[in-house]
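Student: I'm new to this one and would like a close look at a single part. Could you walk me through where the two chains meet?

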There are 2 protein chains.
Amino acid sequence: MVNTIQKRLLMATTAVGMLATGASAETLDQVMARRGLTQQDLVSAAKTYTPTGGRDEFIVFSSGGQSGQIMVYGVPSMRILKYVSVFTPEPWQGYGFDEESKAILEQGKVDGREIHWGDTHHPAITETNGDVDGEYLFINDKSAPRVGVVSLHDFETQQIVVNPILQSEHGGTFVTPNSEYVIEAAQYPGVLGRGYAPLSQFNEKFRGAVTYWKFNREKGRIEPENSFSLELPPYSQDLSDAGKLVSDGWSFTNSFCAERYVGGIESGRPPFEAGCSQNDTDYLHIINWKKAEEVYKAGKVTMINDHPVITMETAIAEGLVYLVAEPKSPHGVDVSPDGKYIIVGGKLDTQGSVYSFEKIMAAVDAKKFAGTDPYGIPVIAMEDALHKQVPLGLGPLHTQYDSKECVVYTSLYVDSQVAKWDYCEGKVLDKISIHYNIGHLVAMEGETVNPKGKYLISLNKLAIDRFNPVGPLHPQNHQLIDISGDKMELLYDMPVPLGEPHYATAISAEKLKPLVRYKYGTNSRTGERHEGAVRPGQERIERDGTNVKVYMTAIRSHFTPEIIEVNEGDTVEFIITNSERAEDETHGFAVSTYDVNLSLEPGKTATAKIVADKPGAFSFYCTEFCSALHLEMTGFLMVKPKGYVDADAGAVTEGQAYTKADYDKQVANNVATQEVIDSVVVYITQRNYDAFPEVVSLVEDATDQLNFAAEAKAKSEEAAAKEDWQNATLWAGQWWQYQVKAADIGLRAKTFLDEHGAVKK
Amino acid sequence: MVNTIQKRLLMATTAVGMLATGASAETLDQVMARRGLTQQDLVSAAKTYTPTGGRDEFIVFSSGGQSGQIMVYGVPSMRILKYVSVFTPEPWQGYGFDEESKAILEQGKVDGREIHWGDTHHPAITETNGDVDGEYLFINDKSAPRVGVVSLHDFETQQIVVNPILQSEHGGTFVTPNSEYVIEAAQYPGVLGRGYAPLSQFNEKFRGAVTYWKFNREKGRIEPENSFSLELPPYSQDLSDAGKLVSDGWSFTNSFCAERYVGGIESGRPPFEAGCSQNDTDYLHIINWKKAEEVYKAGKVTMINDHPVITMETAIAEGLVYLVAEPKSPHGVDVSPDGKYIIVGGKLDTQGSVYSFEKIMAAVDAKKFAGTDPYGIPVIAMEDALHKQVPLGLGPLHTQYDSKECVVYTSLYVDSQVAKWDYCEGKVLDKISIHYNIGHLVAMEGETVNPKGKYLISLNKLAIDRFNPVGPLHPQNHQLIDISGDKMELLYDMPVPLGEPHYATAISAEKLKPLVRYKYGTNSRTGERHEGAVRPGQERIERDGTNVKVYMTAIRSHFTPEIIEVNEGDTVEFIITNSERAEDETHGFAVSTYDVNLSLEPGKTATAKIVADKPGAFSFYCTEFCSALHLEMTGFLMVKPKGYVDADAGAVTEGQAYTKADYDKQVANNVATQEVIDSVVVYITQRNYDAFPEVVSLVEDATDQLNFAAEAKAKSEEAAAKEDWQNATLWAGQWWQYQVKAADIGLRAKTFLDEHGAVKK
């Protein structure tokens, strides 16, 4: 092996060289002919293909639908980068398997009931002055009225809050322009506080609501104690949006089934779908949240489940809420970048309806209302609020804003198209067909005060025949559309392999600055130092009756301790700190036949807790392939049967005996290896490696490994001095293991330098 | 809306036309310059880019690592098509949330312990005569010794079996050439039957083993009662492979830590990684499984946990097992397509070691052994078994076969390279660098008697700087390599967003023939008719004390029944059949604040079971966006408080009253809509739509919807005859809902015909 390292080092970077000079066996024309690609396809390929190491310009955070997760992907490559678990346990991330994340899921219990999934709908990134800032992400759960908070510093879920009054929600999450509040609106009406009333009292006892969750930016947490709700009529509230700039301080929530219809097909009544879509219009709720905040702070609230609710009566009296008709069964409600307009589509309508905030305010100020709804809320006449209505096509659903003034894109569900139109002048500019049946769409930062244009993604609800078949349950389909030119161009079909995303939000990649590693010993779910974190050398096993705490470290490629003896019935907590500094050097931790897995990124401390209820010899091991000796990163959890007496307690049998000859052979090998490593070091340090942060980081890691090698060498020499050839040989082996890791990193650094045109100093 | 349908129908396919004629705003050269693409990048883009509706040539089934799932993706597009849950509950698929799949997870309990995840390692597709046939997929769990069986007819997990004797496994799954057996080998040694013995008795009491699970192809199930194991020494068994053609009847399992080292760094002992890699060689196990099957059938077994085990003593006496040394810390063991050679790499070695099956058999037949191991197993001398050893590079790990004779690809972990070499002549042909640190690799059908060549995928263990950063936990990286020419060419980097895949297997896409829909009323986890399946019209609620069974149907866009009243404390089972026939028309089912979600593909029946332990009015709803009126696909679960007396039991308040004028307006609208639909029908039937199976299927679906429309029309007219304008209007609305669905499908069919060059008859 030593000779091969030497050869690899001394030779030119053969492989890369070969790749560069190796001509493609096929010409471009041949490839196009073989694969049936048109010239337009080739342009699309060039617009999306991202070579190894390339970066995407935008990052999309997409709801994971019923998967209960967030899907993260890059644009324009449309490659999925990560699933972040929010409401559903996920073992790769240790989410719901380590004690730290279990505490987050515990927050998500509803009325004492554990819930192991979520129906995620609408993610929202924190905003500063109406612009997304990439610090935190919020996501709602429709199946249980909850909101999750994900830190974009480490892409981990750090909080779940349960809505205290709703039985169903949908219209969250949307943030106010400085993320003062996270908006969560109801969906299906219920008795506030999740109480009971018969359906015969639907109009009187059932209600909707919108909750304003206070967000503490500094702590990165929602503060339920500083949050409040506003009672609304039993219309099924749907999506929301916050006003911005001129309309800052207001929020908008639409609704369907303003008919307040209750189905009952089993009793011969027409189903919900008929009764909830009979009228030509539903209601857009217009809410003054800044004033509502004052009313809440003034204590003019009713407490329901210990949560302050502004009643409709108070809201009407204080001028907090108004209604305006909107075309039937609307879905998206979207405020323009300048805050002046609000665009709504009705899924059973054909128009884009553009409301003018100025006109709405004029009507409010003049108290010019067409009347009130059955609950006394003032209703503004449509004609007094509308800027324009523009015929777009069948089933307008959701609108996103372009960077070009007055230009928007609206999804047309029934037509399976996207309409590009001018909402100032009220004219359609272009249409493009998608496959099939588009729900929401997302433009780059298209919901902010400063949309970035360039790309639009159509979140299709059906894939049908778009991809290779994978059984009766199909993937969804996200279609990437180039909107940089006058005409929209379809670029790429991305299958969604897990869950049905409903809504997505995009941010410029450069705004995201996630961590590479945690500060040593961090509990990632609190962001604070973990009380069980230990440094190498501090590892220990503490017993307190039947409770055993094992304070451990993990590093390529061993755990400390390796042998852990407990008694049948003991509760065992493995509190493990990953003591690596290298980027991407994650370790896992699992115990055979037990229901635990940890994901330990560099610096993280996490806890696996088990009850050792069955005697036996169980292996624990690293579940992330971390080095050539990854499979050897293991140990034994010895669970002694009750009453078992061990004559040879603690003794270990050697499988193999080593002699001075073995020691000498190993040392000779190590010395030769060291010479090679030294020459790698020379190669690297003779070049301008310090101009490459990636290489600086690799050198740091290699230095760590060589320091470990030196420690193992010392132990080996100490044993050799005592003529303990067994330990001398094995520690010499360990010394070599560290050398191999250093060589691995060194070769990686060398390759990087060669590929990135480093020069000799 | 009617007019818009009309317009959409009559106009040329504007959108598509615009797309085709709309010139790209940028030229190809401009795009390449803007995105920094080389000519080589463009060729790679053309080789991988797959336009909308295109098909991949191969489908890869990749282990999902610690996610406990299977990842399915297409080659060359590298788009992930589906995650199939095997060991981990996943709500989108209803897996672990419906009663039918809970029964599968229940099979996976180990010693009574529920396990909610798995560490999946090695998937294997069923084979016929040594060729993958695409019927079933097996996958092992390293964290608990289990094997999952996935049907490739519907991509659902249908069985989990627990190994009765191992505490840890790794070397599965691999199948014999006609899938007679699924091979599962141990990893870390334990006391067989998961018993206890102190580590001082490691050499005497700890053992490895390999289990041969009998697969019943007709039933699609493993038969534990016809399966057996073979006891092996306490070497850490690793990967396996079955012989084929000339070597059919034999299987091969390698190992590491043949040193039988037990660590103990906490006691000053060198760690496992040192002691397990001290010797230059480990052992390859060579097993005659056909003869072992005979021995098992002859009853020469010891029962451990009711499972038949052939002891080492018997195995040696019967000539079932032999050993040969292999380079240290090997990983892959791969039999050549003709069955004549077995290639092994040692991760701490530099060579590819090619064993000759003929030579091995000659040594066995001649009883020419170098000696025995400490357990008496005959050891064949390396020189008597080796065909060649070929220097490849640092850390050879796994080998895959090309379609070209004698050509193989071996991953080099430490070098971060793939070596292409000739194992007949023993020479290296090419090398390519990957980023970073490749584990396994997969060539197209590269493990079969008939490899397909063309593509190779490098399953990298680290991504480091390859993608946009997403926090301390990085994605993995699968790199696609073109192997059709003399030189390997890197084509594409695919981030793996969930879990760390270890091994993958690929199959020609054309061999997969998954279902589009289930036979009406299928329990997908058994493949049989669900006893709770009902047809429309048969829906009912049955009560038996506090147990309530609700037999339901789901169709765009309502459930039947819609209102379900139960009492606090009742156990409620919702047994729901999706009565759709249309491809991809999946419905979901969730109950607000409850821990259930169903995925109901067309024809499937599944059960959501809850305990209604808290009174209230809870919405249930469809969790898959199924039509424009999807949000209206809802109902109420009314949980009456204990002792509640309802004066108006069953009564419903109308939110809105309708008159004859409303009825007339709706009917006029419907009549106009019908004219449009009729003209769509004319448009389609005048063309050769029957030449397009996709359109035939859409027409079938549209016909269904129009039949439903006719039923709603009849109800509407019946109510109108009684001057019941409320019901007359609402049923007329429902009639229109079906018309809109028919129009939606009709437009989809029309677009398809236009895009696929249908001609007028």
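Student: How much area do chain A and chain B bury between them, and what share of it is on carbon and sulfur atoms?

Tutor: Keep in mind that this is a predicted model. Between them, chain A and chain B bury about 21,600 Å², and 59% of that is on carbon and sulfur atoms. As for who takes part, chain A brings 242 residues to the contact and chain B brings 241 residues.

Now for the charges. Side chains of opposite charge can pair when their charged atoms come close. There are 10 salt bridges across the interface of chain A and chain B. To see a salt bridge between the chains, find A:Arg113 and B:Asp613, whose closest N and O atoms are 2.5 Å apart.

Over all chains, the structure holds 84 salt bridges. Take A:Arg217 and A:Asp133, a salt bridge with its closest N and O atoms 2.7 Å apart. A:Arg217 sits in the loop between β10 (208–216) and β11 (221–232) of chain A, while A:Asp133 belongs to strand β5 (residues 131–141) of chain A, so this pair ties together parts 84 residues apart in sequence.

While you're in chain A, look at helix α12 (residues 660–685) and helix α13 (residues 693–721): they pack at an angle of about 155°, with axes 12 Å apart. That angle makes α12(A) roughly antiparallel to α13(A). Their crossing is left-handed. Among the residues making the contact are A:Tyr663 and A:Ile677 of α12(A), along with A:Val699 and A:Leu706 of α13(A). The contact residues of this helix pair split into 7 nonpolar, 2 polar and 1 charged.

Methods:
Residues are numbered from 1 along each chain as its sequence is written. Chains are lettered from A and ligands numbered from 1 in the order in which they are written. This is a predicted model: local features need pLDDT of at least 70, side-chain atom pairs count only at pLDDT 80 or more; totals for chains, interfaces and linings use all residues. Side-chain values use heavy atoms; hydrogens and water are left out. Axes are lines fitted to C-alpha atoms, for helices over the stretch in contact, and angles run from 0 to 180 degrees between N-to-C directions. Helices (H or I, at least four residues) and strands (E, at least two) are DSSP runs, numbered from the N terminus. Angles under 35 degrees count as roughly parallel, over 145 as roughly antiparallel, 65 to 115 as roughly perpendicular and the rest as oblique. A crossing is left-handed if the near helix is turned anticlockwise from the far one by less than a right angle, and right-handed if clockwise. Contact means heavy atoms within 4.5 Å. Ala, Val, Leu, Ile, Met, Phe, Trp, Tyr, Cys and Pro count as nonpolar, Asp, Glu, Lys and Arg as charged, and the others, Gly among them, as polar. Buried area is the accessible area (1.4 Å probe) that two parts lose on being put together, summed over both. A salt bridge is a side-chain nitrogen of Lys or Arg within 4 Å of a carboxyl oxygen of Asp or Glu.
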